[in-house]
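Please look over the following protein model with its helix packing in mind. The briefing below groups its features by topic.

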Amino acid sequence: MALVHIVLLLALIQYFVFGLAVGRARGRYGVAAPATTGHPDFERIYRVQMNTLEQLVLFVPALLLFAELVDPLWAAGLGVVFVVGRALYAIGYAKAANKRHVGFGLSALPVLVMLLGSLIAAVRAALGFA
């Protein structure tokens with residue numbers, strides 16, 4: 001489980017860095033808090049942070065459940081794909097909104113795999129097949 005914990009911490013640190021990027025973008029583009037709109041470049045950086053938060057709500061429990069119910073090594077590997085996908089999402093989206101799709105897909109797919117894998121494992125255990 002140590003690898004799973006490391007990946008989880010990397011995802012949380014990444015989110016923290018995205019929050020710092022929003023702060024820097026506020027200064028760069030003159031968008032004072034609490035505003036969340038104003039300059040398109042700021043808005044894209046802000047959306048990276050917010051979309052990542054939205055994804056973390058699914059990623060964190062999916063990662064932990066998959067590690068517990070299926071396999072911690074596979075969970076860590078899928079978690080790394082999520083973190084890399086989020087980085088690509090951030091880089092692409094900061095350039096242009098239409099450049100975010102590959103990163104989004106790379107971060108959404110492992111979450112879906114972990115959610116479905118955990119559900120299947122939980123149902124199997126509940127039915128006595130595990």
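At what angle do helix α1 and helix α3 pack, and how far apart are their axes? Helix α1 (residues 2–29) and helix α3 (residues 72–95) pack at an angle of about 15°, with their axes 8 Å apart, where axes are lines fitted to C-alpha atoms, for helices over the stretch in contact, and angles run from 0 to 180 degrees between N-to-C directions. That angle makes α1 roughly parallel to α3, a term used for angles under 35 degrees.

This is a predicted model, in which local features need pLDDT of at least 70 and side-chain atom pairs count only at pLDDT 80 or more, while totals for chains, interfaces and linings use all residues. Residues are numbered from 1 along each chain as its sequence is written, and side-chain values use heavy atoms, with hydrogens and water left out.

**Overall architecture**
- The protein has 4 helices and 0 strands, helices being DSSP runs of H or I with at least four residues and strands runs of E with at least two, numbered from the N terminus.
- The C-alpha trace spans about 60 × 25 × 20 Å along its principal axes.
- Of the 130 residues, 38% count as buried, meaning under 20% relative accessible area with a 1.4 Å probe and protein chains only.

**The α1–α3 contact**
- The crossing of α1 past α3 is left-handed, which is to say that the near helix is turned anticlockwise from the far one by less than a right angle.
- On the α1 side the contact is made by L3, V4, V7, A11, Q14 and F18, and the residues contributed by α3 include L73, A76, V80, V83 and A87; contact here means heavy atoms within 4.5 Å.
- The residues of this contact divide into 14 nonpolar, 2 polar and 1 charged.

**A11 within helix α1**
- A11 lies in helix α1 and is buried, with a relative accessible area of 1%.
- Leaving aside neighbours within four places in sequence, A11 is in contact with L56, F59, F82 and V83.
- The C-alpha atoms of A11 and V83 are separated by 5.8 Å, although these residues are 72 residues apart along the chain.

**Helix α4**
- Helix α4 (residues 101–126) has 26 residues and should span 38 Å at 1.5 Å a residue, which agrees with the 37 Å between its end C-alpha atoms; the expected span is 1.5 Å times one less than the number of residues.
- Buried residues of α4 are G103, S107, P110, V111, M114, G117, S118 and A121, and what covers them includes α2 (40–69) and α3.
- After α4 comes G128, whose phi is positive, near 85°.

Definitions and conventions:
Angles under 35 degrees count as roughly parallel, over 145 as roughly antiparallel, 65 to 115 as roughly perpendicular and the rest as oblique. Ala, Val, Leu, Ile, Met, Phe, Trp, Tyr, Cys and Pro count as nonpolar, Asp, Glu, Lys and Arg as charged, and the others, Gly among them, as polar. Buried means under 20% relative accessible area, exposed over 50%, partly exposed in between (1.4 Å probe, protein chains only).
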